[in-house]
Amino acid sequence: MVQQARAARTRQLLMRAAAQTFAEEGFVAASLSTISSRAGVSSGALHFHFESKQVLARAVEETAAGAISRITRQAEASDVSLLQRLVDATHALMHSLEADVVVRAGFELAGTTPRRSEALDLRGQWQHWVEQLLHAAAAKGELADGVRPEEACSAVLAATVGFEVLGSTNPQWVARSTLRRYWELMLPRLAPQDTLPALVPYGTTPAPNTPAPPAETSTSTATPAPASSTAPGPTASPGPTASPGPAAGAGPAAGAGPAGRSTGPALSAAEPAAVSLCPHPHKTD
């Protein structure tokens, strides 16, 4: 049992080291010597577990495919609406791309020219699930009038794959705040108006170590509360003068996330829906 556990750990170290090397150098430039050195194991141990670089790449892709399957199964097991499941699944996928180099490398390998004919079709796997879900949503009346599931799928797939590709060089593209802004723009087009208040662009299943979503759950613009008409009462006697404190609502810098990484500016309920999706080119999440 101890030997099996050690072998499994070595295999995981090698696969993660391979994923990091593929993500940084590309499949062609990555060498087995670099991978074994990064994993801290001998070349002999690498060849014992993976006989070639192609086999290593396949293992990375299969792990990424397993991550997609877990994300979609979790969404399917949820009791929220079908459109909300789609929102939640896209957030989970983007978080996985940001947090797990094996998933990120799996997608990058799928688009690499030397691997294209042999790689697992991870984007096709994601597309198939999105298509099925949107057809089911149309059948249940969860899509707005005039929205065809095929067209909706094209829009969702183009955005999520685009975020995945752009996120390989700028993590802000796969940040939760970026995807939230996308859904704030998209949901009013996809969903019937009477269902919008129940849809949460930020997702209903926060990723680990991320801030909880804001209190508002509607994509509509909030209306400011009217000023109070209550007559003023007697003036209270003044007390000792309090020392000035921070301005109301002041707190940590907007978008501060765990480990000092930014999650992007938070959007208040009063912000217009038509916000920019383009992250700052030098900002990282």
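Predicted model: local features only at pLDDT ≥ 70, side-chain atom pairs only at ≥ 80, totals over all residues.
Residues are numbered from 1 along each chain as its sequence is written, and side-chain values use heavy atoms, with hydrogens and water left out.

**View 1. Overview of the helical protein.** The secondary structure comes to nine helices and zero strands, where helices (H or I, at least four residues) and strands (E, at least two) are DSSP runs numbered from the N terminus. Read along the sequence, the pattern is α-α-α-α-α-α-α-α-α. Of the 285 residues in the protein, 39% are buried, a term that means under 20% relative accessible area, with exposed meaning over 50% and partly exposed in between (1.4 Å probe, protein chains only). Among contacts with a separation of 6 or more, 67% are accounted for by residues 24 or more positions apart, contact being defined as heavy atoms within 4.5 Å.

View 2. F22 is buried, with a relative accessible area of 3%. Not counting residues up to four places away in sequence, F22 touches F27, A30, I35, K53, L56, A57, V60, A105, E108 and L109.

**View 3. Helix α1 against helix α6.** The axes of α1 and α6 come within 8 Å and cross at roughly 50 degrees; axes are lines fitted to C-alpha atoms, for helices over the stretch in contact, and angles run from 0 to 180 degrees between N-to-C directions. That angle makes α1 oblique to α6, given that angles under 35 degrees count as roughly parallel, over 145 as roughly antiparallel, 65 to 115 as roughly perpendicular and the rest as oblique. The crossing of α1 and α6 is left-handed, meaning that the near helix is turned anticlockwise from the far one by less than a right angle, with right-handed used if clockwise. R16, A19, Q20, F22 and A23 of α1 make this contact with V101, V102, A105, E108 and L109 of α6. By class, the contact of α1 with α6 has seven nonpolar, one polar and two charged residues, where Ala, Val, Leu, Ile, Met, Phe, Trp, Tyr, Cys and Pro count as nonpolar, Asp, Glu, Lys and Arg as charged, and the others, Gly among them, as polar.

**View 4. The covered helix α6.** Eight of the ten residues of α6 are buried, leaving this helix mostly covered. The buried residues are V101, V102, V103, A105, G106, F107, L109 and A110, and what covers them includes α1, α4, α5, α7 and α8.

**View 5. Helix α5 beside helix α7.** The axes of α5 and α7 come within 9 Å and cross at roughly 160 degrees, which makes α5 roughly antiparallel to α7. α5 passes α7 in a left-handed crossing. On the α5 side the contact is made by L82, L83, R85, L86, A89, T90 and L93, and on the α7 side by W126, W129, V130, L133, L134, A136 and A137. The contact of α5 with α7 divides by class into twelve nonpolar, one polar and one charged residues. S96 also lies in helix α5; S96 is buried, with a relative accessible area of 13%, and touches A67, I71 and V103, not counting residues up to four places away in sequence.

**View 6. The nonpolar cores.** A nonpolar core is a set of buried Ala, Val, Leu, Ile, Met, Phe, Trp, Tyr and Cys residues joined through side-chain atoms within 4.5 Å. Of the 43 residues in the largest such core, L86, L93, W129, V130, L134, Y182 and W183 touch the most other members. The elements giving two or more residues to this core are α4 (53-76), α5 (82-99), α6 (101-110), α7 (122-139), α8 and α9, and α5 gives the most, with eight residues. L93 touches I68, I71, F107 and W126, not counting residues up to four places away in sequence. A second, separate core of 21 residues includes I35, V41, F50 and A57.

**View 7. Helix α8 packed with helix α9.** Helix α8 (residues 149-167) and helix α9 (residues 176-190) pack at an angle of about 175 degrees, with their axes 12 Å apart, and α8 and α9 are therefore roughly antiparallel to each other. A152, A155, V156, A159 and F163 of α8 meet T178, L179, Y182, W183, M186 and L190 of α9 in this contact. The residues of the contact of α8 with α9 divide into ten nonpolar, one polar and no charged.
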